[in-house]
Amino acid sequence: MTNDATPPGETSRVPEVRSVDPGSVHVLYEPRATRVVLTGEIDAELGPDLLEAAEDALSSGRPLQVDAHHVTFMDSTGLAFLARLASRSRGRRVTLIRPPAVVKFLIETTNIVQLLDVVDEEPRPGAEDVSAYDDGPEPA
């Protein structure tokens, strides 16, 4: 017979369980760009959703932005997602918005940073790459 009760005056020996911040990915179609919003833990569990989001974002044909400021963890799955977007974005640079220190460390260590435009502030409205929407000179 076992007794799981903690004796008086002693602290519990049960290991502390860390709260898990589940990851999510959302694709938002804005007027001049497509924005992918990443939150929580970006890991293998989110892999299928990241693949689908990449295809959706790339098929929009708009400049791509990835908002990463709510990412709490990223593994190679997240890095592969960023590399996929950058390598398949048809010559346009992908903008990574407000990445936390953990993401900056990973993209710098793996040199993926060279494939992205990293900004620490929200882009100004109208500051997206508009070259795809150029219909010629502005009327006078």
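Modeller: Accessible areas here come from the Shrake-Rupley method with a 1.4 Å probe, and for residues only the protein chains shown count as cover. On that basis the protein exposes about 9100 Å², with carbon and sulfur atoms supplying 53% of this area. The model is predicted, so local features need pLDDT of at least 70 and side-chain atom pairs count only at pLDDT 80 or more, while totals for chains, interfaces and linings use all residues. Residues are numbered from 1 along each chain as its sequence is written, and side-chain values use heavy atoms, with hydrogens and water left out.

Biologist: How many helices and strands are in the protein?

Modeller: There are three helices and five strands. Helices (H or I, at least four residues) and strands (E, at least two) are DSSP runs numbered from the N terminus. Along the sequence they follow the pattern β-β-α-β-α-β-α-β.

Biologist: Why is Asp 67 called buried?

Modeller: Its relative accessible area is 6%. Buried means under 20% relative accessible area, exposed means over 50%, and partly exposed lies in between (1.4 Å probe, protein chains only). The 6% of Asp 67 is under 20%, so Asp 67 is buried. Of the 140 residues of the protein, 35% count as buried.

Biologist: What makes a polar contact with the side chain of Asp 67?

Modeller: The side chain of His 69 does, at 2.7 Å. A polar contact is a pair of N or O atoms within 3.5 Å; within protein, one must be able to donate a hydrogen and the other to accept it, and residues adjacent in sequence count only if both atoms are side-chain atoms. Asp 67 itself is found in strand 3 (residues 64-74).

Biologist: Which residues is Asp 67 in contact with, leaving aside its neighbours within four places in sequence?

Modeller: Contact means heavy atoms within 4.5 Å. Asp 67 is in contact with Arg 35, Val 36, Val 37, Leu 38, Ile 97, Arg 98 and Glu 122. Over the protein, residues 24 or more positions apart account for 66% of the contacts with a separation of 6 or more.

Biologist: Why are helix 1 and helix 2 called roughly parallel?

Modeller: The axes of helix 1 (residues 47-59) and helix 2 (residues 76-87) come within 10 Å and cross at roughly 15 degrees. Axes are lines fitted to C-alpha atoms, for helices over the stretch in contact, and angles run from 0 to 180 degrees between N-to-C directions. Angles under 35 degrees count as roughly parallel, over 145 as roughly antiparallel, 65 to 115 as roughly perpendicular and the rest as oblique. Helix 1 and helix 2 are therefore roughly parallel to each other. The contact is made by residues including Leu 50, Ala 54 and Leu 58 of helix 1 and Thr 77, Phe 81 and Leu 85 of helix 2.

Biologist: Leu 58 is in helix 1. Why does Leu 58 count as buried?

Modeller: Leu 58 has 10% relative accessibility and therefore counts as buried. Its contacts beyond four places in sequence include Leu 64, Arg 84 and Leu 85.

Biologist: What does the side chain of Thr 77 have 3.3 Å from one of its polar atoms?

Modeller: The backbone nitrogen of Ala 44 lies there. Thr 77, in helix 2, also touches Asp 43, Ala 44, Gly 47 and Leu 50, not counting residues up to four places away in sequence.

Biologist: What phi does Arg 90 have?

Modeller: Arg 90 has a positive phi of about 55 degrees although it is not a glycine. Most residues other than glycine have a negative phi. Arg 90 lies in the loop between helix 2 and strand 4 (94-97). Asn 111 also has a positive phi, about 65 degrees, and is not a glycine; Asn 111 is found in the loop between helix 3 and strand 5 (116-119).

Biologist: Why is Asn 111 called partly exposed?

Modeller: Asn 111 has a relative accessible area of 43%, and so it is partly exposed. Arg 90 has 60% and is therefore exposed.
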